[in-house]
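Work through the exercises below with the model open. Try each task before reading its solution.

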Amino acid sequence: MDWIKFAYLIPLLPLAAFLLIVFGFRFFKGSRISSYVSILFNTASFVLSCFVFLKILNLEHTDSYSGPIQFSLSWIHLHSVSGIIPLHLQIGILLDPLSAIMALMVTFVSTLIMIYSIGYMEGDPGFSTFFSYMSLFVMAMLTLTLSNNFLLTFAGWELVGLCSYLLIGFWYKKPSAAKAAIKAFVVTRTGDVGFLIGMIILYWKTGTFNFIQISHLNLPALLSGWLLWGIPLLIFCGAVGKSAQFPLHVWLPDAMEGPTPVSALIHAATMVAAGVYLVARTYFLFVISPTALLVVAWIGVFTAFMAATMALVQWDIKRVLAYSTISQLGYMMLGLGVGPIGFVFAIFLLLTHAFFKALLFLGAGSVSHPFHEEENPFDMHHYGGLKKKMPHTYWTFLFATLAITGCPLFAGFFSKDAVIDSAFQSRILTHNLLWGLALFTAFLTSAYMFRMFFLTFHGTKEPEHQVHESPWVMILPLMILAVFSLIGGWFGFSWYRLHLPWHDWIERFMNPYVQLYHIPVSHTIDWMGMGLGTFVFLAGFFTAWVLYSKGLRFASALENPIIKPFHQLFVQKWYMDEFWGLILSLFGFGLSSIASWIDTNLFDGTVRGIGMGTGGIGLKIRSIQTGFVQQYAFIIYLAVLILIIFVVSGGYLWTARFF
Amino acid sequence: MIGIFHYLALSAVLFCIGLYGVLTRRNGIAVLMSIELMFNAANINFVAFSYYFKGIHFISGEVFPLFVIAVAASEAAVGLAIILSLYRNKKTVNVDEANQLRG
């Protein structure tokens, strides 16, 4: 049986789980059945993704891969009327290496997160609601992953935004959670406007939404002048919002208000990955414009740097992780921005990052579990010396930390450092600067991750609470993810050419893209890249070790006149919240108060005037309604009499002159 | 010699008596009876015109009153039913008492 024909079920299965929980809510409420339904359907979706993935792998292996596979249905078809472009909209799925591997990652990580959630959300009154939202979230992400046109991608895109709103504000009775949900929704929506405009201009110029059709067009000839770099940058706006790039990154740290599995899902598999995926999916628009690529690269590297500095000074463990996500997303954008040379590595980083970032968040949730009575269970001031109490959490967390900081042999070493190195090798303008900043950020990454690690697990502090290890249902996903944090990187060796059987697997799998974008494949061992990567990892590790594990709390150093302003800047998050607040209060508030005045006085005034006028007239003439039927009959009689006189006397002839 | 004008005059007199009754009587049953008078005034008109302007197509003028009588009978049944329920609720058939819909 050809499983690939059933690929459309991949997003539909989580949707079925969502509908089942929503309509069976009465029966599921408070029981674990809803979580089993979610996990069952999600696992089925994962299995199907595996089949699709293996099928494409097999096609490539036998050299019978003949381009992306599409299945589409006609949705709306309007014929051309004079002067109007014909409208032909499709819904369909697109299966190629990029979407197949992405769907595999999304379903795999989300299934593990759902299993973990059984333990984490135990006893929550919104248990069933939570799992229905999670299923919808996965469905939305899979829709945008597998879609073959801009329109369906946009639909999935907005659904992802909606689900993030619902889940970040899951504990909506807490005012901060409600605010964070609104912030996430509004900020990402700001970027979506750009995406929508870019999409419409592109349709206007090319007459199709289909990715494959557009990529086969001669785009430089079609898009003249500013459109050549304008369209990719408009679409990039959407990615900036969703993937939390500077300057729209402000929503992601606040999104920590949601339950921890939600953070894991948003940071690893769904929400923020969508932006990077969009840029990768529409990469044919970016490669033709060096300007657009340069902007993407600089936004990426600056976001990576800025987020890393903010992560250095946070005391909330989930916020540290949030900034580290922003930083890693910056790396992915950098990889895409330096040109085709970094494309595969950016995708590779996206995949491996999903494993270790999900692991870090789930680990943080496991750590905070005994502290749930605290006002903020994620505050690292409470932690310290947890190594002995939570051995499983400790070891899995260590794996994830090593992976993200780029310790040799772990996933981040092969993916993140490959991105940094591709910046060095690229021919893009200012590539040396990009590379230098990226490398320095790698040092910061190592420093802040180990700072967090030491503060949480090491030290002599005795916890005030009865600390215990989390239940097995939470530990098991951690262990699976830990394994993938280690071996996940081994599939992308090509950069180093260490000869294992699967050494350049990711590059071969992405071969259609390598050929499409003429990605140069280097077959030399890059000792310098490896060495520098290891060096900055060790430097960051020792910095954190000296400052935090050795107990040298550098409180006095913070008073240093050189360090203090920087520390202040980082603690205040580079004043980005204040910046947006200022913009909103200057432009937004002024504009909205004008609009408000016009609304209350002009529109409401008119409407109210009409309403009150009608009411007043009604009050005046209601006395006519006496309720005496004979009076009404008398009035009718009089009226008929007048009409008869009018007709008989020839009055109509007289009136006719007026018309 | 009795001509069409005599019939029309009779019809007009009947109609006016009926109209006067409808507008002035307070007893619901009397109002219904007055309405019947107005119906019959119309019927007389039909028959009279049919008789004096005879032709093969004028048979309708004689058939129409039959329909009017049938409709009037149904109307009387409905009207009496309304008055009956009015009496049950108000213990009176005075139409001035039925003024709940007054504005």
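**Exercise 1: The interface**

Across the interface of chain B and chain A, the rule finds 0 salt bridges. The model is a predicted one.

Task: Describe the rest of this interface, from its extent to its make-up.

Solution. 
- Step 1, contacts. On chain B, 14 residues are in contact with 9 residues of chain A.
- Step 2, area. The two chains, B and A, bury about 900 Å² between them. Carbon and sulfur atoms carry 61% of that area.
- Step 3, polar pairs. The rule finds 3 residue pairs in polar contact across the interface, both residues at pLDDT 80 or more.
- Step 4, source. Helix 1 (residues 4-24) of chain B gives the largest share of the side of chain B that touches chain A, with 5 residues.
- Step 5, class. That side of chain B has 6 nonpolar, 4 polar and 4 charged residues.

**Exercise 2: Two helices of chain B**

Task: How do helix 2 and helix 3 of chain B run relative to each other, parallel or antiparallel?

Solution. 
- Step 1, geometry. The axes of helix 2 (residues 28-52) and helix 3 (residues 60-90) of chain B come within 9 Å and cross at roughly 175°.
- Step 2, reading the angle. Angles over 145 degrees count as roughly antiparallel, so helix 2 of chain B is roughly antiparallel to helix 3 of chain B.
- Step 3, residues. Helix 2 of chain B contributes residues including Leu32(B), Phe39(B) and Phe46(B). Among those from helix 3 of chain B are Phe64(B), Val68(B) and Leu80(B).
- Step 4, class. The contact has 14 nonpolar, 5 polar and 3 charged residues.

**Exercise 3: Two helices of chain A**

Task: Repeat the analysis for helix 13 and helix 16 of chain A. Which residues meet?

Solution. 
- Step 1, geometry. The axes of helix 13 (residues 271-281) and helix 16 (residues 317-337) of chain A come within 10 Å and cross at roughly 5°.
- Step 2, reading the angle. Angles under 35 degrees count as roughly parallel, so helix 13 of chain A is roughly parallel to helix 16 of chain A.
- Step 3, residues. Val272(A), Gly275(A), Val276(A), Val279(A) and Ala280(A) of helix 13 meet Thr325(A), Leu329(A), Met332(A), Met333(A) and Leu336(A) of helix 16.
- Step 4, class. These divide into 8 nonpolar, 2 polar and no charged residues.

**Exercise 4: A salt bridge**

Task: What does the salt bridge of Arg281(A) with Asp96(A) tie together?

Solution. 
- Step 1, distance. The closest N and O atoms of Arg281(A) and Asp96(A) are 3.1 Å apart.
- Step 2, places. Arg281(A) lies in helix 13 of chain A, and Asp96(A) in the loop between strand 2 (87-95) and helix 4 (97-120), so the pair ties together parts 185 residues apart in sequence.
- Step 3, total. Over all chains, the whole structure has 8 salt bridges.

**Exercise 5: Backbone in one loop**

Solution. 
- Step 1, background. Most residues other than glycine have a negative phi, and most peptide bonds are trans.
- Step 2, peptide bond. From Phe246(A) to Pro247(A) the bond is cis, with omega near 0°.
- Step 3, phi. Ala244(A) has a positive phi, near 55°.
- Step 4, place. Pro247(A) is in the loop between helix 10 (227-242) and helix 11 (251-254) of chain A. Ala244(A) is found in the loop between helix 10 and helix 11 of chain A.

Notes. Residues are numbered from 1 along each chain as its sequence is written. Chains are lettered from A and ligands numbered from 1 in the order in which they are written. This is a predicted model: local features need pLDDT of at least 70, side-chain atom pairs count only at pLDDT 80 or more; totals for chains, interfaces and linings use all residues. Side-chain values use heavy atoms; hydrogens and water are left out. Contact means heavy atoms within 4.5 Å. Buried area is the accessible area (1.4 Å probe) that two parts lose on being put together, summed over both. A salt bridge is a side-chain nitrogen of Lys or Arg within 4 Å of a carboxyl oxygen of Asp or Glu. A polar contact is a pair of N or O atoms within 3.5 Å; within protein, one must be able to donate a hydrogen and the other to accept it, and residues adjacent in sequence count only if both atoms are side-chain atoms. Helices (H or I, at least four residues) and strands (E, at least two) are DSSP runs, numbered from the N terminus. Ala, Val, Leu, Ile, Met, Phe, Trp, Tyr, Cys and Pro count as nonpolar, Asp, Glu, Lys and Arg as charged, and the others, Gly among them, as polar. Axes are lines fitted to C-alpha atoms, for helices over the stretch in contact, and angles run from 0 to 180 degrees between N-to-C directions. Angles under 35 degrees count as roughly parallel, over 145 as roughly antiparallel, 65 to 115 as roughly perpendicular and the rest as oblique.
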